[in-house]
Amino acid sequence: MIRTMLYGGVAIALSVLAPPAIGYAQGSPSSPSPYLLVLAADADGQGEDFFAVIDVAANSPTVGKVVSTRPFGHKKSMPHHMEYVLPERGHLVFANAHHAEATMLLDVSQAPALKVAKSLPLPNGLRFPHDYARLPTGNVLVGFLRSPGKSPAPDETVDPGGHGGIAEYTADGRLLRSASAAVDGLAKPVRIYAMVPLIEQDRIVTTSARMMEKHSANVIQIWRYSDFKLLKTIAVPAGKKVDGSALDWANEMPFGPRLMADGSILMNSYMCGFYRITGIATEDPKVAHVYDIQGSDPASLNTRVGCSVPVVIGSHWIMPVAWSEMVVTLDVSDPSSPREIARLAMPDKFAAHWAARDPGSNRIVIGAETEKERGLFVLLHDPVSGALSLDRSIGTAAAPGYIDMAGLNWPHGKSGGAIAHAALFMPAGKNDDRNAK
């Protein structure tokens, strides 16, 4: 079924079928991906930052080894986010280098060989691209953290420091439109951190969290997709303990929103509060605190920090918790009442931050917190119990499941160690002998 919407005088045909929720599998677990696409930084900043392809096929003689790399022209650029799910075959992958304010479009059609197809210009008035959300049309929403000008917070001196915003690009990187997230009178800037498009409801939901900045407003925003009009800016309420008393920090830095099967959105804050957003297409949307993850030391607020990039598999919400150095599985079959069903303490004090799943298997890749990046871990997920374990087909007996970015050799040259933040499982390219039909 196709619906036509108008913006800027242009008719746009939109599928009204709901896209797969960000973090959900796109297909059945029947064909494990042979490769891992990694967005990597040269550790000492002397060489170019780069994309890398790592062999993760369990029975391969080169499992855990780098099979190709592609430098992308920037040094000390803080390679940061890619899309959370690899797009359908034939689409370019959107990825960014934070300090360079660059979004690169990567061609993976010949994987393991890679090609950087182009870099995107910034929209007028928006700076520091951070997050990406693929639409049913193939277009991509891009969230921006800042804009030119001063921050509305008087004690924030970062320049530029203005409110962030959103933009829409075609699948091949042509800018269609953009809009500011600025709200008059707001004491802190809105920094668009992550997004969930609900195109069948003509809505976009965005969160606000800081990166290298000092301040960000603890709000979510609801936009009308068809004309990019900002409809609502809603303060995320304070959390509550079971006894009804205030739960410090629970609403700080609204972070990772994910679409649930019932049409609501569940969102974690960086401070590990969980919030359910309902009535999104109505005049009176609601944001309610529904859960809180307790850290490795429940008596310490400091370990209840770092709930970062989640992945959702069926009714399981898999949550890296950086400061507690663990990954937690929640049962979210009832989004109004999440409950913990498993947790895995990460080896060697690994500050778990990024998560992405293999749509063809039960594997999950875990990347580390910004400025704590090292290598990557590959975990196995039990779809029944939610339990997580290290994938022992990768790594060594001393470090199972671990891909050590410090000790690998790079096809593009001996540039020394590297660090990684984001990674995605990737199928073989169309001409690769591993290509699975």
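A: Let us begin with Asn218, which is placed in the loop between E15 and strand E16 (219–224). Strands here (E, at least two residues) are DSSP runs, as are helices (H or I, at least four), numbered from the N terminus. This is a predicted model, in which local features need pLDDT of at least 70 and side-chain atom pairs count only at pLDDT 80 or more, while totals for chains, interfaces and linings use all residues. Residues are numbered from 1 along each chain as its sequence is written, and side-chain values use heavy atoms, with hydrogens and water left out.

Q: Which backbone nitrogen does the side chain of Asn218 reach?

A: A polar contact is a pair of N or O atoms within 3.5 Å; within protein, one must be able to donate a hydrogen and the other to accept it, and residues adjacent in sequence count only if both atoms are side-chain atoms. Here the side chain of Asn218 reaches the backbone nitrogen of Met253 at 3.0 Å. Contact in the wider sense means heavy atoms within 4.5 Å. Leaving aside neighbours within four places in sequence, Asn218 is in contact with residues including Ile234, Val236, Asn251 and Pro254.

Q: Is Ile199 buried or exposed?

A: Buried means under 20% relative accessible area, exposed over 50%, and partly exposed in between (1.4 Å probe, protein chains only). Ile199 counts as buried because its relative accessibility is 3%. This residue is found in the loop between strand E14 (192–198) and strand E15 (203–208).

Q: In what order do the strands E3, E4, E5 and E33 form a sheet?

A: Strands of a sheet pair through backbone hydrogen bonds, either parallel or antiparallel. Two strands are taken as paired if DSSP finds at least two bridges between them. In this model, four strands form an open antiparallel sheet in the order E5-E4-E3-E33. Strand E5 (66–71) and strand E33 (418–426) stand at the edges with a single partner strand each, so one side of each has no neighbour in the sheet. From one strand to the next, the twist averages 25°. Strand E4 (residues 50–55) is joined to E5 by five bridges, and Ala52 stands opposite Thr69 in E5.

Q: Which residues touch the most other members of the largest nonpolar core?

A: In soluble globular proteins, nonpolar side chains tend to be buried together. A nonpolar core is a set of buried Ala, Val, Leu, Ile, Met, Phe, Trp, Tyr and Cys residues joined through side-chain atoms within 4.5 Å. The largest one holds 57 residues, of which Leu36, Leu37, Val38, Phe51, Ile403 and Met405 touch the most other members. E33 gives the largest share of this core, seven residues. Another core, of 17 residues, lies apart from it, and Phe377 is among its members.

Q: How many aromatic pairs does the structure hold?

A: Rings of Phe, Tyr and Trp (its six-membered ring) pair if their centres lie within 6.5 Å; planes under 30 degrees apart count as stacked, over 60 as edge-to-face and the rest as tilted. The structure holds 11 aromatic pairs. Phe350 counts as buried at 0% relative accessibility, and Phe377 is buried with a relative accessible area of 5%. Elsewhere, ring pairs link Tyr193, Phe255 and Tyr270 into a cluster.

Methods
Axes are lines fitted to C-alpha atoms, for helices over the stretch in contact, and angles run from 0 to 180 degrees between N-to-C directions.
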